[in-house]
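Hi there,

Here is the structure I promised to pass on to you. Please have a look at it first, and then read on for my notes.

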Amino acid sequence: MRATCILLCFLTFLVASSAHPGKKKQYKPCKELVLYFHDIIYNGQNAANATSAIVAAPEGANLTILASQFHFGNIAVFDDPITLDNNLHSPPVGRAQGMYIYDTKNTFTAWLGFSFVLNSTDHHGTINFIGADPTLVKTRDISVVGGTGDFFMHRGIATIATDAFEDDVYFRLRVDIKFYECW
Amino acid sequence: MRATCILLCFLTFLVASSAHPGKKKQYKPCKELVLYFHDIIYNGQNAANATSAIVAAPEGANLTILASQFHFGNIAVFDDPITLDNNLHSPPVGRAQGMYIYDTKNTFTAWLGFSFVLNSTDHHGTINFIGADPTLVKTRDISVVGGTGDFFMHRGIATIATDAFEDDVYFRLRVDIKFYECW
Amino acid sequence: MRATCILLCFLTFLVASSAHPGKKKQYKPCKELVLYFHDIIYNGQNAANATSAIVAAPEGANLTILASQFHFGNIAVFDDPITLDNNLHSPPVGRAQGMYIYDTKNTFTAWLGFSFVLNSTDHHGTINFIGADPTLVKTRDISVVGGTGDFFMHRGIATIATDAFEDDVYFRLRVDIKFYECW
């Protein structure tokens, strides 16, 4: 029994230690998901297909053309299909819903606030994201700040990459979601 | 003393175990609050009573009528009274402040980013929320991503239900906040 | 060995206890940062210097003058320099990017959603914030809901103070970021 106690002491000590880790440690995700979402911006002529629309713009800009100066000041609202692969026409497993805000005058950066609403045989629940997106950088990390359903109370990091884009109308993002708190 | 140690070993083992729980466990909240908030949307004629206003809209829409296509693209800013019961005229215990974004073209869904600013004899502090709100669903879960004051560092899930609505002007939400991280 | 075990029992018991603390305890941050950021609002005449712009406004307002009624309904998008001291002309260590929303009709309050994008010799990574900002109060607490890079998975509280302001064009915020979850 004493041996067991010593072992438990040791194990609990390890667990307790890992709860206060040092800097720059390499953590292993408790869950990982890779998904794609597809954004088609309304440009005045594609109302049937568009999945997002510019709804705010700085003085002098309008709502069918992204603003000059790297779109600074545009807010777009979106409801984009999520797919398991990079094909826009694959069966969607959910919707990416929220907004992005172009927030720089001298390069392309956006601020993102959105949710993945997943409803497939594999996943049922929502994942909530916010963060800064310097869109010209190859991969960008944002925060997964919470979740519901299968993702109850989860936290983690989402790494975003622009997988494809066409003019100012279509872009596709690859999102690699690594959860580090899974409950 | 050894017995105490064994007991402590066992207890700490239990605590350590519960920090890495399996999927779909039923968690018990460490704190719970049920509150109501009341939103009166400005429609061009109710300036004195309105607690929210449409401030962004897609091309062709205006700021006194919610947009067609399920209000897609409207952003509303609000400062709504919070009450303990479902009566708009009860003494407010705080304000719900932030925005909602209608983000779907073929049904009613919104994306929420807001805070509860509570200032009553019972509660002093703020609670911060984000998440997807499919408004036609009976109850919807969003994330409680942080808090301050009495809700310092709290996290949890808020379950939202539409308790009442009148035309496109008034709606009342019941919010059942369950905290699972309380500090 | 038994003594060690008893000691470990005791230590782990302490750690386990501190994971379920009572109310109103005084926590010690695991990391702290004090930074300043500088916001110059576009007013129609300062395009070269402005770091933020009003992009949404209620009915009857425009995008170069903050709205009447305590700016209720204005959304501003910003990309502000961050400095280590209170001098606008100090070398920036990063950018504060996101939005603020004026959300009250009878006093000045804002709702904030933004990120610090830090890129200096000392810090490389992002910090994500949301929360309510009653701007006339001397210090206001908002939530640090996540981070990336050096701030991987961090959470905490940011205390904001208005350090200076000039008319409706320039304001400077002092942000005292206390992290309580550091990873």
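Below is what turned up, starting with the disulfides and ending with the core.

Please keep in mind that this is a predicted model.

**Disulfides**

Across all chains, the structure holds 3 disulfides.

In chain A, the partners are A:Cys30 and A:Cys182, with sulfur atoms 2.0 Å apart. The torsion about the S-S bond of A:Cys30 and A:Cys182 is about 90 degrees, so this disulfide is right-handed. Where do the two cysteines sit in the chain? A:Cys30 is found in the loop between helix H1 (2-18) and strand S1 (31-40) of chain A, while A:Cys182 belongs to the segment after strand S9 (170-181) of chain A, so the pair ties together parts that are 152 residues apart in sequence. A:Cys182 counts as buried, with 15% relative accessibility, because buried means under 20%.

In chain B, B:Cys30 and B:Cys182 form a disulfide with 2.0 Å between their sulfur atoms. The link of B:Cys30 and B:Cys182 is right-handed, with 90 degrees about the S-S bond. This pair links distant parts of the chain, 152 residues apart: B:Cys30 is in the loop between helix H1 (2-18) and strand S1 (31-40) of chain B, and B:Cys182 is in the segment after S9 of chain B. B:Cys30 is partly exposed at a relative accessible area of 41%, whereas B:Cys182, at 14% relative accessibility, counts as buried.

In chain C, C:Cys30 is joined to C:Cys182 by a disulfide, S to S 2.1 Å. The S-S torsion of C:Cys30 and C:Cys182 is about 90 degrees, so the disulfide is right-handed. C:Cys30 lies in the loop between helix H1 (2-18) and strand S1 (31-40) of chain C and C:Cys182 in the segment after strand S9 (170-181) of chain C, so parts that are 152 residues apart in sequence are tied together by the pair. C:Cys30 is partly exposed, its relative accessible area being 41%, and C:Cys182 counts as buried at 14% relative accessibility.

**Aromatic rings**

How many aromatic pairs does a search of the whole structure find over all chains? The search finds 47. One of them is B:Phe114 with B:Phe116, a tilted pair at 5.8 Å centre to centre and 55 degrees between the planes. B:Phe114 and B:Phe116 are both buried.

Another pair, B:Phe151 and B:Phe179, is stacked, with 5.6 Å centre to centre and 25 degrees between the planes. This pair links distant parts of the chain, 28 residues apart: B:Phe151 is in the loop between strand S7 (140-149) and strand S8 (155-166) of chain B, and B:Phe179 is in strand S9 (residues 170-181) of chain B. B:Phe151 is buried, as is B:Phe179.

In chain A, one aromatic cluster is formed by A:Phe37, A:Phe78, A:Tyr100, A:Tyr102, A:Phe114, A:Phe116, A:Phe129 and A:Phe171.

**Strand S3 of chain A**

Strand S3 (residues 75-83) of chain A is mostly covered, with 9 of its 9 residues buried. Which strands pair with S3(A)?

- S1(A) pairs with S3(A) in the antiparallel sense over 2 bridges, and A:Phe37 stands opposite A:Ile82 in S3(A).
- Strand S2 (residues 52-56) of chain A pairs with S3(A) in the antiparallel sense over 4 bridges, and A:Ala56 has A:Ile75 as its bridge partner in S3(A).
- Strand S4 (residues 94-102) of chain A runs antiparallel to S3(A) and is joined to S3(A) by 8 bridges; the bridge partner of A:Phe78 in S4(A) is A:Gly98.

**The nonpolar core**

The largest nonpolar core has 39 residues. Those with the most contacts inside this core are A:Ile75, A:Met99, B:Ile75, B:Met99, C:Ile75 and C:Met99. What is B:Met99 in contact with, leaving aside its neighbours within four places in sequence? In chain B, the contacts of B:Met99 are B:Ile75, B:Ala76, B:Val77, B:Phe78, B:Trp111, B:Leu112, B:Gly113 and B:Phe114. B:Met99 is also in contact with A:Met99 of chain A, and with C:Met99, C:Ile101 and C:Trp111 of chain C.

Key:
Residues numbered from 1 in each chain as written. Chains lettered and ligands numbered in written order. Predicted model: local features only at pLDDT ≥ 70, side-chain atom pairs only at ≥ 80, totals over all residues. Heavy atoms only, no water. Phe/Tyr/Trp six-rings, centres within 6.5 Å; stacked < 30°, edge-to-face > 60°. Buried < 20%, exposed > 50% of the residue type's maximum accessible area, 1.4 Å probe, protein only. Disulfide = S-S within 2.5 Å. Pairing = 2+ DSSP bridges. Core = buried A, V, L, I, M, F, W, Y, C linked by side-chain atoms within 4.5 Å. Contact = heavy atoms within 4.5 Å.
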